[in-house]
Amino acid sequence: MRETRLDTARIRAARQVIDPVFLDTPLYRCEALEPGLGCAVSVKLETANPVRSFKARGTELVASLLAGDGSPAVVCASAGNLGQALAWSGRRRGLDVTVVASRFAPAAKLDRIRALDARLELVDGDFDLARERAAAIARHDGVRLVEDSLDIETCEGAATIGLELVETAPPFDAVLVALGGGALATGVGHVIKASAPGVEVICVQPLGAPAMTLSWRQRRVVTTDSADTIADGVAGRRPIPAVLDDLLVVADDAVLVQEASIMAGMRMLLDHAGLVVEPSAALGVAAILEDRDRFAGRHVATVVCGGNVDMDAYHRWVGAAPLYGS
């Protein structure tokens, strides 16, 4: 395998730094999903932790390094989950955390950031505008800027999920990973390709927010003018070149799925797995729904990456979703 920015030895060492509450998350075959999907499906559940997403695996590494250096403060931009995770990890280590987010982000995510004692600044725009504002704060105040997916700790923290996947038996034929900024996809993909190169790594992104997928397909950064999807956690418009370089090494495919399929995936995970998930976490199931022939007869793992969702919106989405396998 060609090199990425990630290092497997550092990833293994990360497990000694990350709070155990975020490690060894449930991984199990969910047979109830299989009649509707037409293949064997295992779920890796990253919602059963204090911040309800995988993001704290990375922020635990970031906050540990900052605390060790004596850094007092940190700022990040977030669609909601990274900010919540950094607030949790920073509070535990006495850091002053500022999170910049869109005021249009789900209220549940914003409320939980505040509840974790972070300073929350809202911008009248999307995630990429929040990134610009966070960078400006870091320059002005002279504090550490955490950039999700660019900062290697966010990728290598996510990569510990990959370690847990490859250590299980039997092996999977394919792993479906939500694709946004790229930390989860490059982290999991790096470990899979280093340890189990025969397993297919498939990244999944909404059709309404396709920038990273288009960039992967064209092997160059492709930006978009807008992002229109219910999957707010993956709705970036400006891929990071270094992250794309890593993705080109580890991803076997990148696919786009429709909003109706995302909602159907959320409904299936509720009805057949008892899981309330945010839209980004249903992307893997959505990909199977849209291409059953590709996955028929295979054993597929999907990372259920987050469960922070506005419940009013959630009820609208799952209520509008078609039923499968009932």
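Guide: Asp117 counts as exposed, at 60% relative accessibility. The scale calls a residue buried under 20% relative accessible area, exposed over 50% and partly exposed in between, with a 1.4 Å probe and protein chains only. The model is predicted: local features need pLDDT of at least 70, side-chain atom pairs count only at pLDDT 80 or more, and totals for chains, interfaces and linings use all residues. Residues are numbered from 1 along each chain as its sequence is written, and side-chain values use heavy atoms, with hydrogens and water left out.

Asp117 sits in the loop between α5 and β5. Helices (H or I, at least four residues) and strands (E, at least two) are DSSP runs, numbered from the N terminus. The backbone of Asp117 has a positive phi of about 70°, although Asp117 is not a glycine. Arg219 also has a positive phi, of about 60°, and is not a glycine either. Arg219 lies in the loop between α9 and α10 (241-250). With a relative accessible area of 54%, Arg219 is exposed.

Now the side chain of Asp117. It forms a salt bridge with Arg91, with the closest N and O atoms 3.7 Å apart. This pair links distant parts of the chain, with Arg91 in helix α4 and Asp117 in the loop between α5 (107-115) and β5, 26 residues apart. A salt bridge here is a side-chain nitrogen of Lys or Arg within 4 Å of a carboxyl oxygen of Asp or Glu. By this rule the count comes to 30. Arg91 is partly exposed, at a relative accessible area of 42%.

What does Arg93 form with Glu60? Arg93 and Glu60 form a salt bridge, their closest N and O atoms lying 2.9 Å apart. Again distant parts of the chain are linked: Arg93 is in the loop between α4 and β4, Glu60 is in helix α3 (residues 56-69), and 33 residues separate them. Glu60 is buried, with a relative accessible area of 0%. A salt-bridge network links Asp19, Glu60, Arg92 and Arg93.

Rings of Phe, Tyr and Trp (its six-membered ring) pair if their centres lie within 6.5 Å; planes under 30 degrees apart count as stacked, over 60 as edge-to-face and the rest as tilted. The count is one aromatic pair. The ring centres of Phe22 and Trp88 are 4.9 Å apart and the planes stand at 90°, so this pair is edge-to-face. It joins distant parts of the chain: Phe22 lies in the loop between α1 (8-14) and β1 (27-29), Trp88 in helix α4 (residues 81-92), and they are 66 residues apart. Both Phe22 and Trp88 are buried.

Next, the sheet that includes β5. Four strands make an open sheet in the order β5-β4-β3-β6, with parallel pairing. The edges are β5 (119-123) and β6 (144-146); each has a single partner strand, so one side of each is left without a neighbour in the sheet. From one strand to the next, the twist averages 20°. Two strands pair if DSSP finds at least two bridges between them. Strand β4 (residues 96-102) and β5 run parallel and are joined by five bridges. Thr98 stands opposite Arg119 in β5. Helix α6 (residues 127-141) packs on the sheet, touching β3 (73-77), β4, β5 and β6, and its direction makes about 160° with that of β3. Contact means heavy atoms within 4.5 Å. Axes are lines fitted to C-alpha atoms, for helices over the stretch in contact, and angles run from 0 to 180 degrees between N-to-C directions.

Last, the nonpolar cores. A core is a set of buried Ala, Val, Leu, Ile, Met, Phe, Trp, Tyr and Cys residues joined through side-chain atoms within 4.5 Å. The largest has 69 residues, and Leu37, Leu165, Leu184 and Met266 have the most contacts inside it. Apart from it lies another core, of 28 residues, among them Ala87, Ala101, Leu120 and Val146.
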